[in-house]
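Here is a short briefing to read alongside your structure. Keep the 3D view open and follow the topics one by one.

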Amino acid sequence: MFIDEVRIYVKAGDGGNGCMAFRREKYVPRGGPSGGDGGRGGDVVLVSNEHVNTLLHLRFNPEHKAERGRHGEGSNRTGHEGHGAEVEVPVGTIVYDESTGERLHDFTQPGERFVVALGGRGGRGNARFATSTHQAPTEHEPGKPGEERRVRLELKLLADVGLVGFTNAGKSTLISRISAARPKIADYPFTTLAPNLGVVKLDDFRSFVVADIPGLIAGAHLGHGLGIQFLRHIERTRLLVHLVDVSETSGREPVEDFETVMRELESFSPELAAKPMLVVASKMDAAQDAARVESLRRLSADKGLEFFEISSATGQGLDALRFAMAHRVLARTE
Ligand SMILES: Nc1nc2c(ncn2[C@@H]2O[C@H](COP(=O)(O)OP(=O)(O)OP(=O)(O)O)[C@@H](O)[C@H]2O)c(=O)[nH]1
Ligand SMILES: [Mg+2]
């Protein structure tokens with residue numbers, strides 16, 4: 001569940017063929033062999049990049065081929081090397097050979113390079129086969145094929161954003177609207193029993209990971225409800241998004257829910273409670289009483305926290321929230 005995984009096919013460039021040619025020039029009889037070597041095929045290289053957070057970009061782009069080497073030519077001209085292909089992966093990616101299951105590489109630092117498919121050597125041209133007793137060789141080699149393989153890339157996801165809030169606040173519904181995650185959603189408390197992760201795409205190049213964890217209630221730190229054990233899953237996130245149900249159906253005051261959840265976070269870890277936080281009024285479509293929303297807005301302003309109004313049912317405010325999350329978590333790496 002905490003793993004992002006893709007399978008890709010990589011094919012390095014084939015080597016160019018060696019050439020067979022003889023020097024032919026006026027007044028130079030028997031000019032000798034002059035076929036050049038083929039160029040080397042390009043490699044396919046995986047490169048870790050700290051600005052890439054997920055493997056999502058490879059899911060839609062699963063084939064990576066490097067250019068072949070050019071063939072050798074007469075007059076001892078060696079063929080050009082093929083251009084290599086680079087594939088960016090996030091730090092934390094582990095590379096496995098799909099057929100053998102062998103672990104090929106583990107990216108731990110940004111800027112690491114791993115040649116996942118080696119380009120084929122160029123074939124030798126006939127000029128290379130000349131010896132004192134074999135002066136007009138016709139031998140020349142074809143280029144070697146470039147390596148090809150299927151690899152499985154695995155990334156242990158670390159969430160960038162943690163969703164917190166009272167049980168039933170609409171956390172799982174929100175993650176299902178902004179990512180491909182499809183957690184269970186239901187109209188009773190403690191629907192979510194284990195954390196879910198969703199990859200939220202901002203544009204073609206940028207994405208981040210949101211964690212949806214089981215909801216809290218008053219006394220969670222005493223073991224009420226599902227307790228606070230799941231909070232450790234969001235300890236390393238950069239941003240908390242605190243959802244507060246502002247509809248009447250909750251039967252509670254939004255401001256009190258907010259304070260209750262803050263107390264539970266605090267009792268788990270003061271550092272967690274002090275993380276950057278966005279406050280979100282959830283289920284706006286079902287909020288009849290503007291005063292409830294207003295009181296939460298005022299509380300957020302007093303605490304210096306940014307405030308959003310959303311409805312996962314109608315889609316209201318979801319883009320604004322997504323962009324605000326992206327702004328906070330991607331800012332550091334841009
Ligand atoms: N009207 C309305 N209902 C919503 C909205 N978002 C969620 N709900 C409903 O609220 C209920 C709870 O939603 P969930 O997403 O399961 O809530 P949760 O915060 O994940 O709850 P737990 O996992 O139990 O902590 C479900 O019946 C949802 O359909 C919304 O924007 N508008
Ligand atoms: Mg849930």
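A polar contact here is a pair of N or O atoms within 3.5 Å; within protein, one must be able to donate a hydrogen and the other to accept it, and residues adjacent in sequence count only if both atoms are side-chain atoms. With that in hand, the side chains of Glu98 and Arg7 make a polar contact of 3.0 Å. This is a predicted model, in which local features need pLDDT of at least 70 and side-chain atom pairs count only at pLDDT 80 or more, while totals for chains, interfaces and linings use all residues. Residues are numbered from 1 along each chain as its sequence is written, chains are lettered from A and ligands numbered from 1 in the order in which they are written, and side-chain values use heavy atoms, with hydrogens and water left out.

**Around Glu98**

- Glu98 sits in the loop between β5 (93-97) and β6 (103-106); helices (H or I, at least four residues) and strands (E, at least two) are DSSP runs, numbered from the N terminus.
- Glu98 has a relative accessible area of 30%, so it counts as partly exposed (buried means under 20% relative accessible area, exposed over 50%, partly exposed in between, with a 1.4 Å probe and protein chains only).
- Setting aside neighbours within four places in sequence, Glu98 is in contact with Arg7, Arg150, Val151 and Arg152, where contact means heavy atoms within 4.5 Å.

- Lys171, Ser172, Thr173, Thr192 and Asp285 come nearest of the 22 residues around ligand 1 (a residue is near a molecule or strand if one of its heavy atoms lies within 4 Å of it).
- The shell around ligand 1 holds 8 nonpolar, 10 polar and 4 charged residues; Ala, Val, Leu, Ile, Met, Phe, Trp, Tyr, Cys and Pro count as nonpolar, Asp, Glu, Lys and Arg as charged, and the others, Gly among them, as polar.
- An oxygen atom of ligand 1 is 2.4 Å from an N or O atom in the Thr173 side chain.
- For polar backbone atoms, the distance from an oxygen atom of ligand 1 is 2.8 Å at Ser312 and 3.4 Å at Ala186.
- Of the 650 Å² of accessible area that ligand 1 has on its own, the protein covers 86% (Shrake-Rupley method, 1.4 Å probe; for residues, only the protein chains shown count as cover).

**Ser172**

- Ser172 belongs to helix α2 (residues 171-178) and is buried, at 9% relative accessible area.
- The side chains of Ser172 and Thr192 are joined by a polar contact of 2.8 Å.
- Beyond its neighbours within four places in sequence, Ser172 is in contact with Pro183, Lys184, Ile185, Thr192 and Asp212.

**Helix α3**

- Helix α3 (residues 254-268) has 15 residues and reaches 21 Å from its first C-alpha to its last, close to the expected 21 Å (1.5 Å times one less than its number of residues).
- Among the buried residues of α3 are Pro254, Phe258, Val261 and Leu265.
- The buried residues of α3 pack against β9 (161-165), β12 (239-245), α4 (270-273), β13 (277-282) and α5 (290-303).

**Two positive phi values**

- Asn76, in the loop between β3 (63-65) and β4 (85-89), has a phi near 60°, a positive value in a residue other than glycine.
- Lys283, in the loop between β13 and α5, has a positive phi of about 65° although it is not a glycine.
- Asn76 is partly exposed at 47% relative accessibility, and Lys283 is partly exposed at 25%.
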